[in-house]
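Here are my notes on this one, as numbered points. Have the model open while you read.

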Amino acid sequence: MKWRIIFLAFLNYLPVVLHAQSQLLRIEEAGKYGYINMDGEIMIPPKYVSANHFSERLAAVRLTDKFGFIDSTGQWKIPPIYDLAGSFHKGQAKVWLGETEQL
């Protein structure tokens, strides 16, 4: 019975380990933000005015005056329509439209 519990715990932990290994790291260059991989290769060139760390495979970034969310290829997954955006946690991210907070 104990081995099942340990095995199930490992299976629940595995996606976290795999995600951490594919994590992109935020960089800043000349006042713009982008992302590199764990080998130091630029994966998303620095072009964002503001950028959060990746969380649950998405990062909140601001290209001009609005925030949206990109994936690890730099493609918009949620269009830049928000005045402010936080990181994802348990499938949700706080965003603001004007002075109103949304989940």
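**Notes on the chain**

1. Of the 103 residues in the chain, 29% are buried (under 20% relative accessible area with a 1.4 Å probe, protein chains only). Keep in mind that this is a predicted model, where local features need pLDDT of at least 70, side-chain atom pairs count only at pLDDT 80 or more, and totals for chains, interfaces and linings use all residues. Residues are numbered from 1 along each chain as its sequence is written, and side-chain values use heavy atoms, with hydrogens and water left out.

2. Now the hairpin. Strands β1 (residues 25–29) and β2 (residues 32–36) run antiparallel, joined by five bridges; pairing requires at least two bridges found by DSSP. Glu28 has Tyr33 in β2 as its bridge partner. Two residues sit between the strands, and Ala30 has a positive phi near 55 degrees.

3. Then there's an open four-stranded sheet, ordered β4-β5-β6-β7 with antiparallel pairing. β4 (50–51) and β7 (76–82) each have a single partner strand, so one side of each lacks a neighbour in the sheet. β4 is held to β5 (residues 59–62) by two bridges, and Ser50 has Arg62 in β5 as its bridge partner.

4. On contacts (heavy atoms within 4.5 Å), 20% of those in the chain with a separation of 6 or more link residues 24 or more positions apart.

Notes. Buried < 20%, exposed > 50% of the residue type's maximum accessible area, 1.4 Å probe, protein only.
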